[in-house]
Amino acid sequence: LASLWHYVDGPKAFGTFVEYTNLVGALTFRKTVEALSSYKLVCIDEFELDDPGDTVLMSRLMRELADAGVKLVATSNTLPGALGEGRFAAEDFKREIQVLSQQFEVHRVDGEDFRHRGLPAAPEPVTDTELDAKTEEVFGSKPVAVDNFTDLVAHLAKVHPSRYRQLIDGLEGIAWRNVQPITEQAVALRFVVLADRLYDKDLPIVSSGVPFDQVFTPEMLAGGYQKKYFRAVSRLTALAREGLLGETEQ
């Protein structure tokens with residue numbers, strides 16, 4: 001999807017499903033349509049089927065953009081528990097966006113989804129007393145956001161998710177003190193959006209507290225939003241490996 005976006009001349013847009021729904025929430029539906037209708041291409045990554053309301057909203061947005069002549073490309077997966085092999089559910093996708101189904105040509109990419117192999121082992125965090133020294137060692141004089149984890153997740157409730165990208169603008173690293181398990185679904189879903197934006201910018205993370213494979217409760221990891229949480233753990237773990245261990249994804 002990213003390669004296609006780079007290949008096509010603009011104006012064009014690339015974003016995740018959640019970013020577009022957040023954009024509608026921030027601008028209103030009509031203004032979002034007006035803003036995107038002049039684009040040649042709109043790419044939607046991670047089209048999600050776990051929230052019927054958001055799916056219907058995006059179906060309507062895509063229909064209006066298609067009517068305006070905008071080319072649409074989307075990627076999608078079902079929830080891990082929905083299909084035994086965790087493959088792309090072309091028919092489920094088409095049913096959810098039934099008005100648009102005839103406009104899409106489905107290309108299925110087979111193979112095991114690496115996120116279905118189980119949660120990755122997260123690197124061991126440093127202690128609270130070691131955090132400042134480790135942050136200095138890893139980042140030096142680079143611009144870094146150093147936050148108490150509970151203060152951070154509380155602050156996210158005061159910032160619209162469409163602005164999380166601006167929230168981390170200009171940073172080259174993240175340091176979180178005393179990471180704790182998140183027990184409220186709304187808080188967890190906001191944190192997933194932040195995790196996606198951190199991963200987009202490839203910001204290494206240094207942290208103390210619990211490792212990231214413990215940041216969501218077992219109930220969350222087994223529930224209806226498990227795909228989101230598995231993705232967040234995978235991405236946060238990769239960023240923690242880069243920050244704490246100096247390892248980068250291949």
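1. F14 stands opposite C43 in strand 2. Strand 2 covers residues 41–47 and pairs with strand 1 in the parallel sense over 5 bridges. (Strands pair if DSSP finds at least two bridges between them; helices, H or I of at least four residues, and strands, E of at least two, are DSSP runs numbered from the N terminus.)

2. A note on the basis. This is a predicted model: local features need pLDDT of at least 70, side-chain atom pairs count only at pLDDT 80 or more, and totals for chains, interfaces and linings use all residues. Residues are numbered from 1 along each chain as its sequence is written, and side-chain values use heavy atoms, with hydrogens and water left out.

3. The open sheet has 3 parallel strands in the order 1-2-3. Its edges are strand 1 (12–16) and strand 3 (71–76), each pairing on one side only.

4. The whole structure holds 7 aromatic pairs. W176 lies in strand 5 and F212 in the loop between strand 6 and helix 10, so the pair ties together parts 36 residues apart in sequence. Both are buried (under 20% relative accessible area; exposed is over 50%, partly exposed in between, with a 1.4 Å probe and protein chains only).

5. Ring pairs link F149, W176, F191, F212, F216 and Y229 into a cluster. F191 is buried at 0% relative accessible area, and F216 is buried at 3%.

Conventions
Rings of Phe, Tyr and Trp (its six-membered ring) pair if their centres lie within 6.5 Å; planes under 30 degrees apart count as stacked, over 60 as edge-to-face and the rest as tilted.
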